[in-house]
Amino acid sequence: MAIIKVQKGTKDILPQDMPVWHFMEDTARKIFSEYGAKEIRTPIFEATELFARGVGDTTDIVNKEMYTFEKSERSLTLRPENTAGVVRAFIENGMHRLSAPVKLWYKGPMFRYERPQAGRQRQFHQVGIEVFGIKQPTADAEVILMAVNYLKALGLNDLTVELNSLGCPECREVFKTKLKEVIKPYLQDLCPDCQARYEKNPLRLLDCKVEECKAVYAKPEIQEVIQSDFICEECAEHFNELKSYLDALGINYSINKLLVRGLDYYNRTVFEIKSNNLGSQNAVCGGGRYDSLVRNLGGEDTPAVGFAMGMERLASLIGNKEEEKTAGFVVSNNTLEAVKLTEEIRKAGISCEFDLTNKKFVKQLEKASKVAKYALILGEDEIAKNQVTVKNLDTSEQVTVTREKVLEVLNS
RNA sequence: GCGCCUGUCGUCAAGCGGUUAAGACCUCGGAUUGUGGUUCCGAUAUGCAUGGGUUCGAAUCCCAUCAGGCGCCCCA
């Protein structure tokens, strides 16, 4: 019979992967709580409309990448990202009444129907932060600081922070119009993708990789528009303040005028953190400010900033970590005595196993050396004298002690 | 949705039209009735993703299907 395999774009996270995943999760809890952030867990599926209204129905995520299904005449969708869900929970639980800032962090699986490739799966995991209620750039700075310090705590240093400001909806509209004006004469020279983007999201035109398009965008009159500081005075001030905070905090970043990000809800600050060691899906973190999302989803007008990180991408940068061995393994031909000793040790909070198949002494010891740090030898002599021989399997040193002293030896 | 590459044991692989389908690791058994991990011996693919074809002969060549990888689009 044919075996059933994991579905395309999904992966098992196996026991040997756990040390890295626990490390990422424990570090998230530790670092984010240093900033006063609290963990939140929202459901894995939500009303489809939440994402259509939240993420934006012109985005690829909503248009072609969602896992949507009907149940009892409701349209439901597996969450493709978690900002919309957290905002929904924020609104529904009246969290705008809490003293600002409300800092929330989350981790968990997300689902996007895409062609899998390196650093991209259909089920993947994100860890992220959302900070609500602060319009000042201090919040932007703190969010970026949390991201940078989390990555540092994971031991990842070869990363670059890219920063841009999209302005507010008003000044961005002016920029879009200007951009379309200067590009219009060359429209027929552009690749089909760019022609589509020209209407759909002109800001995305700029990072096209097709040579002909790049040639067009390199033209002086177009470059002049791109490089111009189109954002309005207030947006510029917000951006400048943010930069001065980051400078003061010693965070290295580079300004990337082409950084736009694909989700509709961003305004003003957007940022990405990239790695040079990842292949083409090199963004490890993406985020920004989304001041109108809470209101758009029916909540009180509440400014917000956040980011999300791809945990599989982080995991591949962290590399392998050794699995922790079981502390003790009881070696004995007397199964009953072996269980008793094993349980005694477990009750003291120390991991311990014994041989369930009653193999020969040598085989038991061999098994012990594979899975455990100490072999606890309980032979006839030891049982008669109420003793245990504790053998360190790395150093081969062993001592015979009374039953009561076993825990002391294991703890030392 | 499009383009390129790849499918041989649980894993990593050799094989390049005629082989009994190497080898290594893992696993299991033994040497070894109380001292392991480093030694030695043994076991484990009538099978080369699946289905067709070409050929006297196919894991090897061709076609299709399926699966995986990478890239584009987009994104974490």
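1. In this predicted model, the largest nonpolar core has 51 residues, of which Phe132, Ile183, Cys194 and Tyr217 touch the most other members. A nonpolar core here is a set of buried Ala, Val, Leu, Ile, Met, Phe, Trp, Tyr and Cys residues joined through side-chain atoms within 4.5 Å, and buried means under 20% relative accessible area, with exposed over 50% and partly exposed in between (1.4 Å probe, protein chains only). Helix α4 (residues 83-92) supplies the largest share of this core, namely five residues. Apart from this core lies another, of 43 residues, among them Ala28, Leu242, Ile251 and Met309.

2. A note on conventions belongs here: residues are numbered from 1 along each chain as its sequence is written, and chains are lettered from A and ligands numbered from 1 in the order in which they are written. Local features need pLDDT of at least 70 and side-chain atom pairs count only at pLDDT 80 or more, while totals for chains, interfaces and linings use all residues; side-chain values use heavy atoms, with hydrogens and water left out.

3. Helix α4 is largely enclosed by the rest of the structure, because seven of its ten residues are buried; these are Thr83, Ala84, Gly85, Val86, Val87, Ala89 and Phe90. The buried residues of α4 pack against β2 (45-47), α2 (48-56), β5, β6 and α11 (293-296), and the helix is followed by Gly94, which has a positive phi near 60°. Helices (H or I, at least four residues) and strands (E, at least two) are DSSP runs, numbered from the N terminus.

4. Helix α5 (residues 137-153) has 17 residues and reaches 24 Å from its first C-alpha to its last, close to the 24 Å expected at 1.5 Å a residue, the expected span being 1.5 Å times one less than the number of residues. Twelve of the 17 residues of α5 are buried, so this helix is largely enclosed by the rest of the structure. The buried residues include Pro137, Asp140 and Tyr150, and just after α5 Gly155 takes a positive phi of about 85°.

5. Eight strands form an open sheet of mixed pairing, in the order β1-β5-β6-β11-β10-β9-β7-β8, where two strands pair if DSSP finds at least two bridges between them. The edge strands, each pairing on one side only, are β1 (38-39) and β8 (254-255). Strands β9 (residues 267-275) and β10 (residues 283-289) run antiparallel and are joined by six bridges, with Lys274 standing opposite Ala283 in β10.

6. Chain A is divided into domain 1 (15-168 + 231-318) and domain 2 (326-411), with bounds that come from an automatic or database domain assignment. The C-alpha centres of domain 1 and domain 2 lie 49 Å apart.

7. A sheet of five strands is also open and mixed in pairing, with the order β13-β12-β14-β15-β16; its edge strands are β13 (352-354) and β16 (398-402), each pairing on one side only. Strand β12 (residues 326-331) runs parallel to β13, to which three bridges join it, and Gly328 stands opposite Cys352 in β13. Helix α14 (residues 361-371) lies across β12, β13 and β14, running at about 180° to β12, where axes are lines fitted to C-alpha atoms, for helices over the stretch in contact, and angles run from 0 to 180 degrees between N-to-C directions.

Definitions and conventions. Contact = heavy atoms within 4.5 Å.
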